[in-house]
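Here is a quick tour of a few local features, written for someone who likes to check things in a viewer. Have the structure open and follow along.

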Amino acid sequence: MNSTVSKILSLVSGLIGLIAIYFLVRIIMEGDDAVKESLDLQNSLVSPFVSFARIILIITAIIAIVFSLWNLIRQPKLLKKSLISLAAMAALLIIAYGLASDAAVTNASGMVIKDGQAGSVSKWVSTGIIYSMILGGIGLGFFLWDFVKGLVTK
C-alpha cells in the first residue's frame, strides 16, 4: 500500500475514533443511571451513537464487498475457485434441505409449541441446523486430519 493511501486511511480511522470518543464522553458525562431512566436522554445520547455505528458498519460492509468483487474480477483463477466453492456450498445446502423435517416443533412432552406448526419455516430452521452440522463435521474432519498429519510428520 502506498504512503498516501496509508495516510488517508489513518486520518479516516482517527476521525472515526474521535467521533466515537465524543459520543462516549457525552454518555459518561450524563451518568449511567440518568441515561437508563430518561427516554429523552437515551434518544439524544445513545441513538446518535447507534446510528453512527450502523452507518460505519454499512460503509465497511459495502467497501469489503466491492473490493472482494473487484479482486475476483481481476483474478479469474480466484473467481473460478470461488464459484466452485459456492457450488459446493449450494450442493450441501440442497442435501441439508432434503434431509430436513418439516414436522411441527414440539417440546419435551410432545406438545406442539406456540407458533411451532409444521411448514416451510420449520423446514428452513431444520435445514439450517443440519447444514451447520454438515459444515461442522467437515471442519472437524479437516481439523483431525491436520492434527494426525502433524503427529505423523514430526
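## Local contacts and ring pairs

Start with S126: apart from neighbours within four places in sequence, S126 is in contact with A100 and S101. Keep in mind that this is a predicted model. S126 sits in helix 5, which covers residues 120-153. Its relative accessibility is 19%, so S126 counts as buried, given that the cut-off for buried is under 20%.

How does that look for a few other residues? Here are the accessibility values side by side.

| Residue | Relative accessibility | Class |
|---|---|---|
| S126 | 19% | buried |
| L69 | 47% | partly exposed |
| Y22 | 48% | partly exposed |
| F23 | 11% | buried |

L69 belongs to helix 3, residues 39-74.

Now for the rings. The structure has four aromatic pairs. One of them is Y22 with F23, a tilted pair with 5.6 Å centre to centre and 55 degrees between the planes. Why tilted? The 55 degrees between the planes of Y22 and F23 falls between the limits of 30 degrees for stacked and 60 for edge-to-face. Within this pair, Y22 is partly exposed at 48%, whereas F23 is buried at 11%.

Which residue lies over the face of Y97? That would be K123, at 4.7 Å from the ring centre.

Terms used: Residues numbered from 1 in each chain as written. Predicted model: local features only at pLDDT ≥ 70, side-chain atom pairs only at ≥ 80, totals over all residues. Heavy atoms only, no water. Helix = DSSP H or I, 4+ residues; strand = E, 2+ residues; numbered from the N terminus. Buried < 20%, exposed > 50% of the residue type's maximum accessible area, 1.4 Å probe, protein only. Contact = heavy atoms within 4.5 Å. Phe/Tyr/Trp six-rings, centres within 6.5 Å; stacked < 30°, edge-to-face > 60°. Lys NZ or Arg CZ within 6 Å of the ring centre and 35° of its normal.
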